[in-house]
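Could you walk me through this model in the viewer, one selection at a time? I would like to know what to click on next and what is there.

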Amino acid sequence: MIASLKQKETWKRYLASLRFALYCITHPFDGFWDLTHEKRGTYAAANTILILTLIARIAKLRYTSFLFLTVYWEGINIFLYLASVLFPLLLWVVGNWALTTLFDGKGKLGQVYMGTCYALTPYPLMQFPLMIFSNFVTVDEREFYTVLSAISLIWALLLIIAAMNQIHEFNMGKNLLFTVFSLFAMLVMVFILMLFFSMISQGVAYFVSLGREIMFRL
Amino acid sequence: MKKIIQRVGVLTLGALILTGSSMTAFAQDRSYTYNYDYLEDVQDSPDTYSVSGTFTYMDFGLDTNFKNPEGLCVHDDLVYVCDSGNNRIVELKRTSKDKLELSRIIDSFQGEASLNTFSNPTDLAVSEAGEFYICDKGNGRILKLDQNLNYMMEFTKPDDSSLDSSLTFQPSKLVIDTAGRVYCTASGINKGLIKYEADGTFSGFVGATKASYNWTDYIWKRFATQEQRAKMVAFVPTEYDNVYMDYEGFIYACTSSADEDSLRSEDADAVRKLNLMGNDILVRNGNLPIYGDRYWGYGGGHDGPSQFTDVTTFDNDIYVCLDKNRGRLFGYDDQGRIVYIFGSNGNMEGYFNRAAALEHMDYDLLVLDSLDCSITLFVPTEFGSLIYQAIDEFDQGNYVKSGETWQKVMDIDGNYDLAYIGIGRSLLRQEKYHEAMKYFELKYDDENYSKAYKQYRKEWVEEHIVIIVIVILALFLIPLAIGKIKRLKHEIDTADIFKV
């Protein structure tokens with residue numbers, strides 16, 4: 001692993017796969033097909049894009065002009081803030097894979113993850129420049145920012161749909177259907193997780209109170 | 001060994017004292033005066049008003065206590081208290097800064113009226129000429145008396161087909177304009193303010209509020225039976241609780257029964273400023289809607305939103321609203337930003353049990369408590385006076401001076417947002433845009449920041465126009481030049497004459 005890092009080839013492939021993200025976001029259907037089928041994407045690049053997305057999200061808090069974002073610093077937990085991206089991503093990847101694999105989806109778990117991460121590219125790509133741009137505008141020019149910011153999100157969303165389409169080799173109707181189903185799967189998983197945690201905490205509380213009771217009696 | 005134990009003991013004791021003292025520091029109550037900052041957090045504030053005196057019937061030498069007094073009116077240095085329960089009006093005179101003295105008791109009048117006494121008088125207004133307009137609620141009329149208390153005329157139930165004929169007319173609050181027109185509220189009438197011409201004819205309703213309902217209630221109502229529906233709250237426009245006419249002739253009207261959901265929306269309707277057409281022209285540029293307290297949690301036996309029961313306006317367009325729910329006064333400036341909040345329910349001086357009416361005398365405030373039967377007189381503190389001074393100076397165009405005064409305000413209270421914005425606005429007027437931006441940014445005032453930034457950006461571009469043009473040209477020319485040189489080099493390399 002470390003030996004391979006020293007080779008120039010590895011770096012070349014990494015950079016090429018990272019640059020391929022730019023091709024993907026402009027030619028989604030062609031790009032996402034090649035991403036997995038032609039093996040032009042790498043996990044390293046996918047992780048890089050995800051990390052850039054997270055950094056963009058955090059940097060936004062600090063460097064966006066206060067005209068657009070009022071940050072209540074006391075109320076910000078950076079780990080929760082990161083989880084607000086990572087947790088839905090995890091649910092989506094697992095939920096989507098688990099569902100599609102039952103219905104002839106060709107994608108593997110890793111491929112779903114890679115595709116989704118590549119589809120996130122517009123977010124850091126647009127949010128970083130927007131962050132700087134926001135400091136040079138007045139309230140009257142606010143619309144530019146809001147529209148561009150919305151575009152970056154909608155673009156990423158459409159890319160995710162396109163990516164799933166190509167990875168699972170679905171037709172568009174089936175793909176949209178399973179996108180909706182995946183969202184439901186995410187909800188179900190959240191529900192089960194909540195159930196699980198509340199059960200665990202109840203269980204723990206039971207033994208804690210039992211222990212306390214015994215200690216009082218002794 | 002002993003030493004170590006001793007040291008540990010001393011250390012723990014020290015730690016205990018330290019944590020103990022810091023705990024008491026945190027356990028402190030909110031200060032009497034407070035404010036909401038730009039993040040909508042409560043910020044303690046120095047007092048803007050201090051109690052100059054609390055007056056009861058004994059201070060005036062009256063032999064009977066006030067009974068459920070409801071109305072208060074100030075005319076020059078005279079204060080009129082509508083002692084509603086005793087069917088009389090008490091005229092008080094302010095003789096010095098902290099003194100109110102009995103001037104006379106008005107319980108009857110001369111002239112050819114059907115009845116020459118009052119029944120439950122609730123409000124009163126005095127015209128420039130000294131004529132009295134009295135809401136004689138129990139008798140269903142508004143009386144107009146001349147300054148010697150001779151009957152002149154009366155305004156009675158409006159002759160309007162839209163009013164239920166069985167409804168007894170109970171005028172409760174009124175204002176008069178300079179032309180002698182009367183605007184009044186009456187219990188059970190929610191079509192707005194009743195407007196009479198000077199000759200006593202009814203000329204219509206002014207400034208009705210929109211009927212407020214929330215959609216969950218609406219859906220419930222669709223499924224409810226006839227009997228259930230009758231028991232539900234009807235979707236009706238809210239009634240005004242009180243009115244005040246400012247020095248420009250605009251009517252400030254407040255309501256305490258506004259729906260919670262409509263209050264939470266941006267254009268909260270707890271206070272309205274009505275022009276002659278009855279349209280609401282109140283400016284709402286503050287961080288918070290104009291509804292009083294931001295947090296409505298339960299505390300001290302009270303919960304829910306603030307209930308504005310009276311409003312009064314100073315000559316610098318600052319208006320103060322009286323919340324009967326928590327016994328607080330809310331000062332707002334002409335932009336709808338909170339200037340100060342003070343007061344509370346309780347039995348101490350400066351606290352109320354059932355705050356009923358509010359009036360001002362210059363910058364002093366008078367609050368009538370209908371349960372305590374007392375009048376509390378507030379005078380501005382140094383801090384409060386400085387705020388007013390800074391606002392007045394700005395309005396008069398003394399921007400430099402206003403900035404200096406705001407600086408003094410900031411020296412007293414560094415958490416006072418309006419001081420930062422005031423300094424910023426003063427700097428903006430002095431065309432020091434960059435400094436102004438810093439002050440606005442500190443308090444997240446986006447409108448003013450944008451104003452300053454726009455000018456600053458313009459100035460910056462004008463100053464650096466040469467560099468900007470050079471950079472733009474360079475961006476175009478350098479690639480062009482590089483291309484040309486490359487081509488030239490290529491030509492030279494491939495030229496025939498160099499071939500050997």
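Here is a tour in several stops, through a model that is predicted.

**Stop 1: helix H2 of chain A**

Start by selecting residues 8-26 of chain A, which form helix H2. This helix has 19 residues, and at 1.5 Å a residue they should span 27 Å. The C-alpha atoms at its ends are 28 Å apart, which agrees.

Now colour A:Ser17, A:Ala21, A:Cys24 and A:Ile25, the buried residues of H2(A). Why do they sit on the same side of H2(A)? Because they cover an arc of only 85° around the axis.

Turn to the other side of H2(A) and you will find exposed residues: A:Lys8, A:Glu9, A:Lys12, A:Arg19, A:Leu22 and A:Thr26.

**Stop 2: A:Tyr123**

Stay in chain A and select A:Tyr123, which is found in helix H7. Is A:Tyr123 buried or exposed? It is buried, because 21 other C-beta atoms lie within 10 Å, and 20 or more are enough to count as buried.

Next, show the residues that A:Tyr123 contacts, leaving aside neighbours within four places in sequence: A:Thr53, A:Ala56, A:Ser152 and A:Ala156.

**Stop 3: A:Met172**

Move along to helix H9 of chain A (residues 172-217) and select A:Met172. A:Met172 counts as exposed, because it has 10 C-beta neighbours inside 10 Å and the limit for exposed is 12 or fewer. Then pick A:Ile161: it is eleven residues from A:Met172 along the chain, and their C-alpha atoms are separated by 9.0 Å.

**Stop 4: the domains of chain B**

Switch to chain B and give each domain its own colour: domain 1 (43-380), domain 2 (381-463) and domain 3 (467-498). How far apart are the centres of domain 1 and domain 2 of chain B? Taken over C-alpha atoms, 34 Å separate them.

Look at where these two domains meet: 15 residues of domain 1 of chain B are in contact with 15 residues of domain 2 of chain B. On the domain 1 side, the elements that give two or more residues are strand S2 (42-45) and strand S3 (49-55) of chain B. That side of domain 1 has six nonpolar, six polar and three charged residues.

**Stop 5: helix H6 of chain B**

Inside chain B, select residues 399-412, helix H6. Its 14 residues reach 20 Å from first C-alpha to last, close to the 20 Å expected at 1.5 Å a residue.

Highlight the buried residues B:Ser402, B:Gly403, B:Thr405, B:Trp406 and B:Val409. They are on the same side of H6(B) because they cover an arc of only 165° around the axis. These buried residues pack against helix H5 (382-396) and H7 of chain B. The face turned away from the buried side carries the exposed residues B:Val400 and B:Asp411.

**Stop 6: the nonpolar cores**

In soluble globular proteins, nonpolar side chains tend to be buried together. Which residues touch the most other members of the largest nonpolar core? Select B:Val81, B:Leu124 and B:Leu174, from a core of 104 residues. Helix H7 of chain B (residues 417-429) gives the largest share of this core, seven residues. The core draws at least three residues from each of domain 1 and domain 2 of chain B.

Zoom in on B:Leu124: not counting residues up to four places away in sequence, the residues it touches include B:Tyr80, B:Ile89 and B:Phe132. A second, separate core has 29 residues, among them A:Ala21, A:Trp92, A:Met114 and A:Leu125.

**Stop 7: where the chains meet**

Show both chains for the contact, which takes eight residues from chain B and seven residues from chain A. On the chain B side, helix H9 (residues 446-463) supplies the largest share, five residues. The residues of that side are three nonpolar, one polar and four charged.

End at B:His464, in the loop between H9 and helix H10 (465-494) of chain B. With 12 C-beta neighbours inside 10 Å, B:His464 counts as exposed.

Terms used:
Residues are numbered from 1 along each chain as its sequence is written. Chains are lettered from A and ligands numbered from 1 in the order in which they are written. This is a predicted model: local features need pLDDT of at least 70, side-chain atom pairs count only at pLDDT 80 or more; totals for chains, interfaces and linings use all residues. Helices (H or I, at least four residues) and strands (E, at least two) are DSSP runs, numbered from the N terminus. Ala, Val, Leu, Ile, Met, Phe, Trp, Tyr, Cys and Pro count as nonpolar, Asp, Glu, Lys and Arg as charged, and the others, Gly among them, as polar. The expected span of a helix is 1.5 Å times one less than its number of residues. The arc is that of the directions from the helix axis to the C-beta atoms. A nonpolar core is a set of buried Ala, Val, Leu, Ile, Met, Phe, Trp, Tyr and Cys residues joined through C-beta atoms within 7 Å. Domain bounds come from an automatic or database domain assignment.
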